[in-house]
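The sequence and model come next.

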Amino acid sequence: MPALLEVRDLTIEFRTKAGIVHAVEGASFSVERGEAMGLAGESGCGKTTTALALMRLLPYNGRIVRGSISFEGRDLVPVPEDSMRAIRWKEMSIVFQGAMNSLNPVQRVGRQIAEPIMLHEEAEPEASFKRAGDLLELVGISRNRLNDYPHEFSGGMRQRVMIAMALACNPKLVIADEPVTALDVMIQAQILDLLERLRRELHLAMILISHDLSVLADTCEQVTIMYAGKTMESGKTMDLFTDPKHPYTQGLVGAFPDIRGPRNMPEAIPGDVPSLISPPSGCVFHPRCKFAFDRCTKAEPALTELSVGRRAACFLYPQVTEVPPRPIAITEV
Amino acid sequence: MINAGITIFGIICLNYLLIRLMPGDPSLSIIPRDPKFRGLRDYMISFFGLDRPQWEQFVIYLQRLFTLDWGVSYQDHRPVADILFHDLGWTLLLVGTSTIITILIGIAVGAYSAVRRGKAFDFVSTGIGIFLYGMPIFWLGLVLQSAFRKNSVFQTWIPGWPALPTSGYYDDRLIPWNWDIVHLADAGLHLLLPALTLSLGTLAGISLVMRNSLIDVMTEDFVTTARAKGLSPRQVLRRHILPNGLPPMVSLIALDIAFILGGAYQVEVIFRYQGIGFRTIEAIGSLDYPLLQFIIVIGGVAVVLANLLSDFLLLWLDPRIKIS
Amino acid sequence: MGTVDVVKVPGAISPFRARATVVSRRMQDIGLQVFHNKTAMAGLIILLFFTFLAVAAPLIAPYSPLTAVPDVGPLTLPGGVHPFGTNQFGYDIYSQVIWGTQISLLVGVLAAGVASVIGTAVGLISGFVGGWIDEVIMRFNDVVLSIPWLVLMIVVAARLNYLDLAGIILVIGLTGWSVTARVVRSQVLSLKERMFVERGRMIGSSNAHILLRHIFPNAFPLIFANTILTVAISILSESVLAFLNLSVKSNVSWGRIIAEAYQHDALTIGMAAWIIVPGLCIVFLVFGFYLFGYALDEILNPRLRRR
């Protein structure tokens, strides 16, 4: 059975005054039904851009330059905008980070949750609001709060509201972009538990985006690591953590202080994130990589399968091939 | 609300001070010692008690103010209060009409510019906006007046160029006011040019502010959420962007009300429109001091009330604001 | 705080020179940004043009603006030596327009200066000190703001029967400080919350020190950009007053020219330039200030608008 979502060679560019920003390059991953996949990496590495691209929500100066997004076997990249609108929220929805501004501050919460229901299913307002109330209760909020405004909720509760809203049309895939970043640790745990429970009960597929690996460790079965727009490694969560292949992943995992064992200083990865307008030649990580050798500066490693379900893009592994130089042609989307 | 009260009181006091405490001028000398002004001097002395001690004068002033006993105009011997309230009505009509026009067009242009940001329309309209922003309203009025008068140059150039009445509605002191269609239509026609001038003058500011406010809103996360829900761009604009873009605009307009009123005064003078502004200029020209005394108060109160109104409007529009 | 002995380290420059270097480098940096900004340059060109007119007026104006020209009579139509014609007294209008630049620029800049200084001082004090002083000042500000500036100016101007240059500048300046004060105050309020104020207090700096050394420099870009916009408004105010015959009597002002043109029905008698040109001058001069001020504001206040 084909995966629910299969992304291949997704490349996204932004046109800015300073030049063309290569936000994402050659991203490839897949998500099965009911599976949770984590997308990890530092700020600005392209995770959110990828997520937005999946729903074709890129800002006006961004475009998908290459690649395919296969949802239930259908490539979404060439789909015209009005058809896309029918897909949005109904097939897949998104929960943003820092729900401070993700909800319309001048509209009541109930109305916002009911809005997509009325839109996509052409339901009556009364039925929609009843469903909105059900959804609130599903995430643990009393349905009396349907008529409240977003600013009357705490941060954690706003996030729950957003989750309830995301589930409004029974989507098959929910993308959660930094769902717990702005919250304190106790609330973080609650929200993650909630997501996990909902996923199991509703058989949802999820893409969880975070720069915090610990968030992904518990909830996801698969993890994809991104850096400066490129995919570095992907595989089963357990495997990635216990045996990271890519030096970057090793760095990330090694940056964790371990409660058990001797007290070692966590290792930081030296250097800074490169510019996305003029990325370094060859492997994009080589300036910060302690294993870098000559080939790394000249050619770009391709994301290659090292073993079943495990892929990495690093020349340390002999199977890894080089990315062929790309033609400059740009496909309009 | 208390603020408004204090402000009004402040205006009253300031007005008093202004007239009285001009550099080195005791009040009596504001009226020239020309024999032809004898009547005025006597009147002023008796009405305002100018021969009494200062503090008493102030009390008399306050008394007169609040009892709406504002004396009699020197020019035409009608009660000042009557004249001023009557004129205030006309001024409010002018400002009200033009503000409505301005807001409607301003929102439309601003929204269109914000959505088509960076493209031709935005560039052109913003440029025109900044250009118009700096245009002296009286000059604009003059140009429009000359363009639309009966034998204007434009009539000879462009056939069918309409000739609009170029003065404000003739005062109904002599003609009793009827609410029938003929009168209303005529009043409306006479209102057209002045309102148009004032609208154009203030339009630029409002559409620019609207545009910026909307652009700020458009970059917020909840707009992306709205798009993510599958709403069409128009739905997103109407339901999410606009309701959030309006409150800042209302606050900014409120701040500008004094400025708008200043523009209204200019328009009134140019078009001989019988409002507060026109009256002020006349009063200065004919040294009608009783009138001048209270014109400032009226103007100030109008502004304060307008600000209060906009505060209430904000309260209704934006649920985040609470009465503290 | 006790005194600190300044130790002369060989090769070190005095703190004064160090600061001066930093400032001048920053100015160069800003200057470069201005140079590359199209809007700023456009505005600057317009401003330079008018400044040139104002400064060179005695040289480039063919006639004196307040003397009847010898060759033709009053109210002559435009043509030949008199591209805009002559007014009702026989003065050459073209020269009048050129000379008018002086008043507009002079009054505009100086009045804005006055308004800015007062407004900044008031805003700084009000915002920084807070408390009841702030309340009182703000109420007073409300009052001044509430009175339509035109009325205020007219009444004040009418009272001062003899209006010279200083008078007009004062009148406009004294009525225009309220907006600047508001703007500066809110900036000060937000700056006050910043960390460096806390730190300043912790190491024992006096309030005055914090105000001058920390708050003011941070607020300065905003104040500067705001001043430029105030100039634009001052120019407009002056033109309105001139139109109502309340401006400086001894010089010629664009507003006054327009008023005279209006009185003599310029458009009907075929002297359109008489009324149009001074108006356009006002518009363009103000436009220049707006462009420059707007661009400067963008440069000095990097905002997140580019999203």
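## A helix pair in chain A

At roughly what angle do the axes of helix α3 (residues 109-121) of chain A and helix α4 (residues 125-138) of chain A cross? They cross at roughly 120 degrees and come within 8 Å. Axes are lines fitted to C-alpha atoms, for helices over the stretch in contact, with angles from 0 to 180 degrees between N-to-C directions. α3(A) is therefore oblique to α4(A) (under 35 degrees is roughly parallel, over 145 roughly antiparallel, 65 to 115 roughly perpendicular, the rest oblique).

In α3(A), residues including A:Ile113 and A:Ile117 meet residues of α4(A), among them A:Phe129 and A:Leu135. Contact means that C-beta atoms, placed from the backbone, lie within 7 Å.

## Basis and confidence

This is a predicted model, in which local features need pLDDT of at least 70 and side-chain atom pairs count only at pLDDT 80 or more, while totals for chains, interfaces and linings use all residues. Residues are numbered from 1 along each chain as its sequence is written, and chains are lettered from A and ligands numbered from 1 in the order in which they are written.

Chain A averages a pLDDT (the predictor's confidence in each residue, from 0 to 100) of 84. Over residues 329-333 of chain A the pLDDT is below 50.

## Where the chains touch

Chain A gives 22 residues to the contact and chain B gives 17. On the chain B side, α9(B) supplies the largest share, six residues. Helices here are DSSP runs (H or I, at least four residues), numbered from the N terminus.

How values were computed. Two residues are in contact if their C-beta atoms, placed from the backbone, lie within 7 Å. Helices (H or I, at least four residues) and strands (E, at least two) are DSSP runs, numbered from the N terminus.
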